[in-house]
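Here is a short briefing on one protein model. Please look at the sequence and the fold before reading on.

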Amino acid sequence: MATIVTLTMNPALDKSTAVDRVVAERKLRCSEPHTEPGGGGVNVSRALHRLGGNSAAIYPAGGPAGERLQLLLKEEGITYFTVPVKGETRENLIVFEETSTQQYRFGMPGPVLSDDEWQRCIARISSFSPVPDYIVASGSLPRGVPPDFYAEVARTAKVLGSKMVLDAPADALCPAVEEGVFMIKPNLHELEEITGQKISSASEQEDAAREILRKGTCSIIVLSLGAEGALLVTGETSERIRAPAVPVRSKVGAGDSMVAGIVLSLAMGRSLHDAVVYGVAAGAAAVMTSGTELCRREDTERLFESMLEREHALA
């Protein structure tokens with residue numbers, strides 16, 4: 001199978017808990033907290049592992065939280081390579097309000113990385129052996145890392161001959177798209193930021209994606225549409241992949257699970273269409289789980305098969 005490396009520049013310890021009701025100025029009694037590894041690329045690696053695939057997670061880490069993150073990944077059987085940094089790895093808090101079934105997500109900023117520290121992250125990718133077939137860069141950039149960091153990763157991927165898959169906030173995504181990547185997975189807001197256009201219809205979604213493709217800076221765009229699924233656009237085709245209706249328990253990790261499903265499928269040799277269908281199934285499977293738990297393989301496989309059966313029935 002193809003070699004997959006994930007890159008997470010702002011990893012985290014994700015702590016999830018539940019409370020009856022969130023009320024200001026009161027001491028709130030929470031349920032027993034659950035701590036899991038977090039951050040875009042880390043979650044992609046974890047989801048890949050859950051789906052039966054393998055990858056190597058590269059990320060900067062520092063302080064006790066960084067050590068705890070390492071131990072948790074080891075417990076899950078994830079292959080990882082850390083770049084030591086002086087600052088401490090961040091911690092995030094996810095609180096589920098039982099009375100309203102609303103979820104509150106508190107994301108901390110993370111450490112400030114020096115130029116030497118973030119440059120060593122790129123150097124770690126450059127020296128990875130064997131050369132990765134896919135480099136999946138996902139998540140926000142911590143303070144100290146320049147906005148065009150992912151563009152530098154894209155240049156590194158070109159030198160290596162790797163396919164770069166990018167899922168990042170718009171401010172970090174735009175420079176990398178200008179440099180050129182294999183695939184991006186923006187949401188609607190990020191697509192608007194990239195193109196500088198307000199998008200209010202399905203046809204405008206496709207037009208905006210094709211505008212990026214015409215510039216020759218990206219081969220594949222998978223526009224994430226939440227409960228509606230995804231829009232797949234390439235230079236030759238455009239199609240909507242409808243998400244299955246599932247009970248929603250938590251949306252944390254759904255996007256990372258989608259990316260993992262797509263990349264794993266491509267690494268296995270599936271067609272692009274089936275890869276995106278599998279990715280949408282993985283994303284839907286993730287929202288069925290609570291807290292920060294990611295997709296489960298059995299749920300993903302079941303949803304994937306039902307989605308293919310539905311397509312065949314409509315054909």
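Predicted model: local features only at pLDDT ≥ 70, side-chain atom pairs only at ≥ 80, totals over all residues.

Residues are numbered from 1 along each chain as its sequence is written, and side-chain values use heavy atoms, with hydrogens and water left out. Helices (H or I, at least four residues) and strands (E, at least two) are DSSP runs, numbered from the N terminus.

**The four-stranded sheet**

- Strands of a sheet pair through backbone hydrogen bonds, either parallel or antiparallel.
- Here an open sheet of four strands has the order β3-β2-β6-β7, with mixed pairing. Two strands pair if DSSP finds at least two bridges between them.
- β3 and β7 are the edge strands, each pairing on one side only.
- From one strand to the next, the twist averages 25 degrees. Axes are lines fitted to C-alpha atoms, for helices over the stretch in contact, and angles run from 0 to 180 degrees between N-to-C directions.
- Eight bridges link β2 and β6 in the parallel sense.
- K15 stands opposite L93 of β6.

**Helices on the sheet**

- Helix α1 (residues 40-50) packs on the sheet and touches β2 and β3. Contact means heavy atoms within 4.5 Å.
- The direction of α1 makes about 100 degrees with that of β3.
- Helix α2 (residues 63-76) lies across β2, β3 and β6. α2 runs at about 90 degrees to β3.

**Helix against helix: α3 and α4**

- α3 packs with helix α4 (residues 149-160) at an angle of about 20 degrees, and their axes are 10 Å apart.
- That angle makes α3 roughly parallel to α4. Angles under 35 degrees count as roughly parallel, over 145 as roughly antiparallel, 65 to 115 as roughly perpendicular and the rest as oblique.
- α3 and α4 cross in the right-handed sense. A crossing is left-handed if the near helix is turned anticlockwise from the far one by less than a right angle, and right-handed if clockwise.
- From α3, W118, I122, I125 and S126 meet F149, E152, V153, T156 and L160 of α4.
- The residues of this contact divide into six nonpolar, two polar and one charged. Ala, Val, Leu, Ile, Met, Phe, Trp, Tyr, Cys and Pro count as nonpolar, Asp, Glu, Lys and Arg as charged, and the others, Gly among them, as polar.

**Helix against helix: α1 and α8**

- The axes of α1 and helix α8 (residues 254-268) come within 8 Å. They cross at roughly 55 degrees, so α1 and α8 are oblique to each other.
- The crossing of α1 and α8 is right-handed.
- From α1, G40, N43, V44, A47 and L48 meet D256, S257, V259, A260 and L264 of α8.
- The residues of the contact of α1 with α8 divide into six nonpolar, three polar and one charged.

**An enclosed strand: β4**

- Six of the six residues of strand β4 (residues 56-61) are buried, so β4 is largely enclosed by the rest of the structure. Buried means under 20% relative accessible area, exposed over 50%, partly exposed in between (1.4 Å probe, protein chains only).
- A56, I58 and P60 point one way from β4, and A57, Y59 and A61 point the other way.
- Strand β1 (residues 4-7) runs parallel to β4 and is joined to it by three bridges. V5 has A56 as its bridge partner in β4.
- Strand β5 (residues 79-84) also pairs with β4 in the parallel sense, over six bridges. P60 stands opposite V83 of β5.

**A buried serine: S224**

- S224 is in strand β11 (residues 218-224).
- S224 is buried, with a relative accessible area of 16%.
- Not counting residues up to four places away in sequence, S224 touches K185, P186, N187, L188, G229 and M258.

**Backbone details in loops**

- A cis peptide bond joins S129 and P130, with omega about 0 degrees. P130 is in the loop between α3 (115-126) and β8 (134-138).
- E25, a residue other than glycine, has a positive phi near 65 degrees. E25 is in the loop between β2 (12-19) and β3 (34-38), and counts as exposed at 83% relative accessibility.
- T101 is not a glycine, yet has a positive phi of about 60 degrees. T101 is in the loop between β6 (90-97) and β7 (102-106), and is exposed with a relative accessible area of 56%.
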